[in-house]
Structure formats: C-alpha cells, structure tokens
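Biologist: I would like to learn how to read an interface and a helix from coordinates. Please take me through one case.

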Number of protein chains: 2
Amino acid sequence: MEKRTRPSQPVTTTQTSFEVFELIKERDGLTLSELDAELDLAKSTLHRHLATLEDLGYLVRDDDTYRVGLWFLDLGFSAMRQNELYQVGKDLAENLAEQTEHTVWLSAEQNGLAVHIHKAVGGNPFQNFANVGKRRLLHPLAGGKAILAFLPEERVRSIVDRHGLPARTENTITDEAELFEMIERTRERGYSVQFGEAIVGLNGVGAPIRLEGEVVGAIAIAGAANRIPRAKIHDELAEQVLAIANEIEVNLRYS
Amino acid sequence: MEKRTRPSQPVTTTQTSFEVFELIKERDGLTLSELDAELDLAKSTLHRHLATLEDLGYLVRDDDTYRVGLWFLDLGFSAMRQNELYQVGKDLAENLAEQTEHTVWLSAEQNGLAVHIHKAVGGNPFQNFANVGKRRLLHPLAGGKAILAFLPEERVRSIVDRHGLPARTENTITDEAELFEMIERTRERGYSVQFGEAIVGLNGVGAPIRLEGEVVGAIAIAGAANRIPRAKIHDELAEQVLAIANEIEVNLRYS
C-alpha cells in the first residue's frame with residue numbers, strides 16, 4: 001500500500017460529482033430542489049452535473065427523484081471479483097460460519113475504511129446482501145480493530161486524521177490514546193475483541209489477514225452478546241477465527 | 001422514464017474520470033504508463049485525475065497497478081437494494097429456477113442497457129455472483145429483446161443510436177429493420193426468444209416486466225440449446241416465464 005498524499009491540484013469537478021453521488025446514496029434519492037438546498041453549488045453548475053451524470057449512465061431519474069444508478073454494480077462487482085481476499089476467503093468464511101453457527105464477516109481495508117466483502121451466515125443457504133459492500137469505520141468493529149492493530153502506526157494516524165474516531169455507541173473508543181492501548185493489547189493477543197462498540201448488544205472477535213507483512217483485511221465473528229459472551233470469545237471463538245485467518249493467509253500466499 | 005437529452009454543457013472533467021474508471025475496469029487494472037498510452041490526456045492532467053480518484057477512495061493502487069476500488073460496491077448495492085424490481089423479483093426468480101431447473105436472470109433496464117440484478121440457479125443453494133451487476137447490450141439477450149419490444153419506438157431508436165447493434169455471434173440481430181420485425185413478433189407473442197444470439201449454443205426466453213405501462217426490466221430463462229430447444233421454449237417455458245413476469249408485475253403494483 002502506497003502512502004496516501006492529498007492531491008495538490010485535485011480535479012474539483014470530479015470531487016463535486018462524487019459529493020452528489022454520496023449525498024443521493026445517503027438519502028435514498030433526492031429531488032432537484034432538495035439537491036439544490038443541500039449542495040453549495042450554483043444552480044447552473046448543479047444542472048450541468050446532473051445532466052452529465054445521467055448521460056454517463058450512473059445517475060437515474062425516477063419521476064422527479066434522482067437515484068444512484070445500477071451501473072455502479074458493474075464497477076463494484078468487478079472490484080470484488082478481482083479482490084484476492086474475496087476469491088480466497090469467501091469459502092473459508094462460509095466454513096467458519098458453519099463450524100461456529102455464528103455470522104462471519106470478511107472485510108477488506110481500502111482507503112481507511114472496512115468494506116464488507118462477504119457475509120456468511122451458518123445454516124442459511126442463501127446469500128444475504130445486507131451490509132455487504134458497505135463502507136464502515138474501522139475503530140468500532142472487531143474486524144476493523146484487528147486491521148488497525150496491525151497497520152503501521154503512521155497509517156493509523158492518517159486514518160484517524162481523515163475519518164476521526166466518532167462514537168457509534170457509548171462503548172466506542174473515541175480517544176486516540178485509548179485506541180493505541182487497544183492496538184497494543186490486540187497485537188499481544190493476536191486477535192481483537194469488541195463489546196457493544198458498533199451496535200449495543202453486539203459482540204465480536206476478529207483476526208487480521210496479512211499478505212507479505214501487510215494487513216489486507218480481517219475476518220470476524222459477530223453476534224448477540226448472549227450468544228457470544230466474553231468468556232466464549234476468549235476461550236473458544238478467538239482460536240477458531242485465528243485458525244481461519246491463518247488458512248486464508250496461506251491460500252493468499254499461494255494464489 | 002424521462003426522455004434522455006445529451007447535456008448541452010457537460011462537466012467534461014467528470015466524463016474523463018469515468019473514462020478512467022471504465023478503462024481500468026475493462027482491463028482488470030492498469031499501470032500509469034499503460035493509462036498514459038491509452039488515454040488522450042496530458043500527463044499532468046492524468047496525474048491530477050488519478051491523485052483525486054485515489055483520494056476520493058474509488059481508485060486503489062496496488063504496487064504500480066491502478067484498480068477500481070471496492071467503495072463502488074457501496075454505491076452499487078445501495079442502488080440495488082433500493083430497486084423495487086430486485087426487492088420484489090428476487091424470490092420469484094428463485095421460484096422459477098426451482099420450478100424449471102434452469103438458470104433464471106432478472107434484469108433491469110437502465111440507460112439503454114440491461115443490468116443483471118439477480119441470477120437464480122435451480123438447485124444451487126449459494127448465490128453465484130458471476131455476471132450479476134454486469135451491463136449488457138439489450139438486443140442479443142432474451143430479456144433484453146423483451147425490454148426493447150415493449151419500450152416506446154423513440155426510446156428504442158435512441159438506444160440503437162447510442163449503443164449500436166454490434167454482433168455478439170453470427171445470429172445477433174445487427175440490422176435495424178430486422179430489429180423492428182423482431183419487436184413486432186415479440187409484441188404479438190408477448191414473450192421474446194433468442195437462439196445463440198448472445199453466446200453460441202445458448203438459447204433463451206424472456207418476458208417484459210411493466211409498471212404503469214412502462215417496461216422496467218425483464219425475466220428470462222437461459223440455457224444450453226440441447227436443454228432448452230426451440231420446441232420446449234415455445235411449448236412450455238414461455239408460459240412459465242410469462243406467469244412469473246405477471247406475478248412480479250402484480251407485486252410491483254402493490255409494493
């Protein structure tokens with residue numbers, strides 16, 4: 001992973017276009033007047049953007065509502081299909097879900113966020129898309145904490161600079177010193193834990209996945225606190241997560 | 001669906017950015033010098049684009065190779081989740097696959113192309129992503145032909161203007177007059193058929209899915225010619241495809 005530097009002369013028009021896409025996505029579609037009210041753009045500029053994005057095929061208009069287009073699936077799926085962690089890790093994540101009967105998440109790190117690339121639900125034969133593809137802050141997630149713990153310190157600092165440490169629940173780590181303490185404990189132990197830090201009542205345990213010494217993602221088990229209490233995580237699940245992470249790493253090296 | 005008009009003053013920088021994404025996607029990743037050779041851009045402009053796209057999070061660099069980022073999954077999946085045809089049609093497509101033991105495709109039409117939003121494989125419990133999310137030309141596909149047949153004539157002409165009628169096999173319709181003959185026959189019959197027009201040896205049958213008189217997509221069965229020969233399509237599968245399309249339409253109206 002190259003060190004990320006802010007572009008000195010960004011192409012601002014493209015930045016604006018993605019601001020439009022992200023906003024429309026966030027709000028499940030917006031009308032022209034809603035977009036006009038939310039964005040700090042001249043009306044003519046907004047019009048030119050919307051007309052161009054629609055013409056490109058990535059924005060669709062449904063009566064008066066602008067929506068993100070399905071064409072993005074093509075870009076997203078091709079990124080996923082090319083992702084080695086997805087190729088190698090998908091079936092092993094399914095194995096872990098079957099073995100533990102818990103939900104297993106396989107996540108990649110890209111640009112400082114976790115992207116869930118596979119969700120395996122033990123005993124559920126149909127792929128459930130819920131939350132697959134979502135970008136998530138790293139610090140509240142078990143998988144995300146495993147990733148942070150094994151990234152170089154300067155990358156962690158630049159991720160915190162960019163995305164901050166916002167609270168998701170009252171248990172989320174929001175303090176940088178505390179984050180680095182967590183990182184130290186996680187490194188010593190080899191696996192990460194989270195107790196109600198992303199969602200109240202949801203616990204998790206995660207392990208990093210490394211290739212050539214660099215973290216490329218994580219695998220994590222998450223479940224209701226009564227089904228995966230602290231003791232079970234440390235005594236049982238941590239070992240299972242670590243074993244699968246290791247198996248994925250070996251497969252990545254030989255793929 | 002609003003009538004599509006080319007933007008009079010497009011935001012060309014955004015067009016360039018998408019040209020970069022599409023090219024990188026098409027080629028499964030490209031290096032800086034490959035991009036420089038392929039794109040008609042000044043080196044400094046290319047540099048500014050790449051730096052901005054990487055900073056936005058949608059482009060990733062893997063050693064020297066630029067790849068489309070996983071962040072696109074978030075935009076793509078949210079478009080899919082919000083798509084009513086996907087919500088309503090997914091399970092019914094699964095039913096049809098189970099009932100016929102053939103592969104069933106659910107496709108939406110967006111900006112003149114078919115986007116496959118669900119693939120149901122009878123008897124195969126795991127979701128197979130292959131080709132899901134791909135954008136495809138309408139005219140070689142059974143589902144695509146069903147869509148074309150029930151779109152207003154002026155939309156068909158503008159789609160042909162934009163995307164042309166390129167051949168996929170020697171059976172593909174490449175002539176506009178022939179396309180309109182197919183449209184007439186398909187309208188009379190109510191369902192579309194294709195025999196080796198997308199891929200040699202692959203036959204298909206499709207039905208349009210309409211909401212408030214407008215085509216929003218199609219459902220189609222596709223399979224090897226020996227498994228779904230002409231007679232079976234007309235005598236048996238057409239009726240089954242039409243029944244499911246009708247069921248999806250009813251559900252769309254009441255969703």
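Biologist: How many residues does the contact take from chain A and from chain B?

Modeller: This is a predicted model, in which local features need pLDDT of at least 70, side-chain atom pairs count only at pLDDT 80 or more, and totals for chains, interfaces and linings use all residues. Residues are numbered from 1 along each chain as its sequence is written, chains are lettered from A in the order in which they are written, and side-chain values use heavy atoms, without hydrogens and water. Contact means heavy atoms within 4.5 Å; here 69 residues of chain A and 68 residues of chain B take part.

Biologist: How much area do chain A and chain B bury between them?

Modeller: The size of an interface is often given as the accessible area lost when the parts come together. With a 1.4 Å probe and summing over both parts, chain A and chain B bury about 6800 Å², 61% of it on carbon and sulfur atoms.

Biologist: How many salt bridges does the rule find across the interface?

Modeller: A salt bridge is a side-chain nitrogen of Lys or Arg within 4 Å of a carboxyl oxygen of Asp or Glu. The rule finds four between chain A and chain B. Arg135(B) pairs with Asp74(A), their closest N and O atoms being 2.9 Å apart.

Biologist: Which residues of α1(B) are buried?

Modeller: Buried means under 20% relative accessible area (1.4 Å probe, protein chains only). In α1(B), the buried residues include Phe18(B), Phe21(B) and Ile24(B). After α1(B) comes Asp28(B), with a positive phi near 55°.

Terms used: Buried < 20%, exposed > 50% of the residue type's maximum accessible area, 1.4 Å probe, protein only. Helix = DSSP H or I, 4+ residues; strand = E, 2+ residues; numbered from the N terminus. Buried area = accessible area lost by both parts, 1.4 Å probe.
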